[in-house]
Amino acid sequence: QTWWGLALLDGQGVKRDTTRGLEWIRRAAETGHPQAQFLLGLCAYAGLGGTAAEPDTALRWFTAAADQQVLPARIFVGFCHYHGRGTPQDRDEAFRHFRLAAEGGSAVGQIWLAHCYAFGEGVATDLNRAREWAQEAWRQGHPGGRQMLRRIPEE
């Protein structure tokens, strides 16, 4: 259902039909398929696939996927709380989600966790912890880890 929906959304091998594509992805998401839930979250977050941006709906789908260990979804739950999209802004809650993603091995989560530690976003400033997490992302080969290392203030 998810792959057929994606094919319809993208027009890959079939005539593009975003309405039907989203219907198929929604069917999969409603049965608990985590990648379909994440995809619907992305569509609702950014208004993709011919939909209007619906931050509340995006957060609901991201949370469902994150609860099934989809790390990119966990990061987007953090973004929603960090920026106040679909929920009141809550940097403490954003930090919690970035930490879960970082501990799960996500380099993007590690970069955002480093940011939180470096600038006191949802947690007390801790430049050593910020450097540790940015270095971990860099060790994984993510260029953002090195960029974050450059942004961390000196003691």
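Predicted model: local features only at pLDDT ≥ 70, side-chain atom pairs only at ≥ 80, totals over all residues.

Reply: Residues are numbered from 1 along each chain as its sequence is written, and side-chain values use heavy atoms, with hydrogens and water left out.

The whole protein comes before the detail. The protein has 9 helices and 0 strands; helices (H or I, at least four residues) and strands (E, at least two) are DSSP runs, numbered from the N terminus. The C-alpha atoms fill a box of roughly 55 × 35 × 25 Å along the principal axes. Of the 155 residues, 43% count as buried, where buried means under 20% relative accessible area, exposed means over 50%, and partly exposed is in between (1.4 Å probe, protein chains only). Among the contacts with a separation of 6 or more, 41% join residues 24 or more positions apart; a contact means heavy atoms within 4.5 Å.

Now to the part you asked about. Glutamate 121 is placed in the loop between helix 7 and helix 8. With 17% relative accessibility, glutamate 121 counts as buried. Leaving out residues up to four places away in sequence, glutamate 121 touches Tyr82, Arg91, Phe95, His115 and Cys116.

One of these contacts is also a salt bridge, that is, a side-chain nitrogen of Lys or Arg within 4 Å of a carboxyl oxygen of Asp or Glu. Side chains of opposite charge can pair when their charged atoms come close. The side chain of glutamate 121 meets that of arginine 91 at 2.5 Å, N to O. Glutamate 121 is in the loop between helix 7 (107-119) and helix 8 (127-139), and arginine 91 is in helix 6 (residues 91-103), so the pair ties together parts that are 30 residues apart in sequence. Arginine 91 counts as partly exposed, at 24% relative accessibility.

Arginine 139 and glutamate 136 meet through their side chains at 3.0 Å, N to O. These two residues are 3 residues apart in helix 8, so about one helical turn separates them. Arginine 139 is exposed, at 58% relative accessibility, and glutamate 136 is partly exposed, at 28%. The other pair is arginine 74 with aspartate 67, at 4.0 Å, N to O. Here arginine 74 is buried, at 12% relative accessibility, whereas aspartate 67 is exposed, at 52%.

Tyrosine 45 belongs to helix 3 (residues 34-46) and is buried, with a relative accessible area of 14%. Apart from neighbours within four places in sequence, tyrosine 45 is in contact with Ala53, Ala58, Phe62, Phe76, Phe79, Cys80 and Arg85. Glutamine 69 lies in the loop between helix 4 (55-66) and helix 5 (71-83), and is exposed, with a relative accessible area of 63%. Its phi is near 70°, a positive value in a residue other than glycine. Most residues other than glycine have a negative phi.

The last point concerns the cysteines. The structure holds 0 disulfides, a disulfide being a pair of cysteine sulfur atoms within 2.5 Å. For cysteine 43, the closest cysteine sulfur is that of cysteine 80, 14 Å away, which is too far for a bond. Cysteine 80 is likewise in no disulfide. Both residues count as buried: cysteine 43 at 9% relative accessibility and cysteine 80 at 0%.

To return to your question, glutamate 121 is a buried residue in the loop between helix 7 and helix 8, and its side chain meets that of arginine 91 in a salt bridge.
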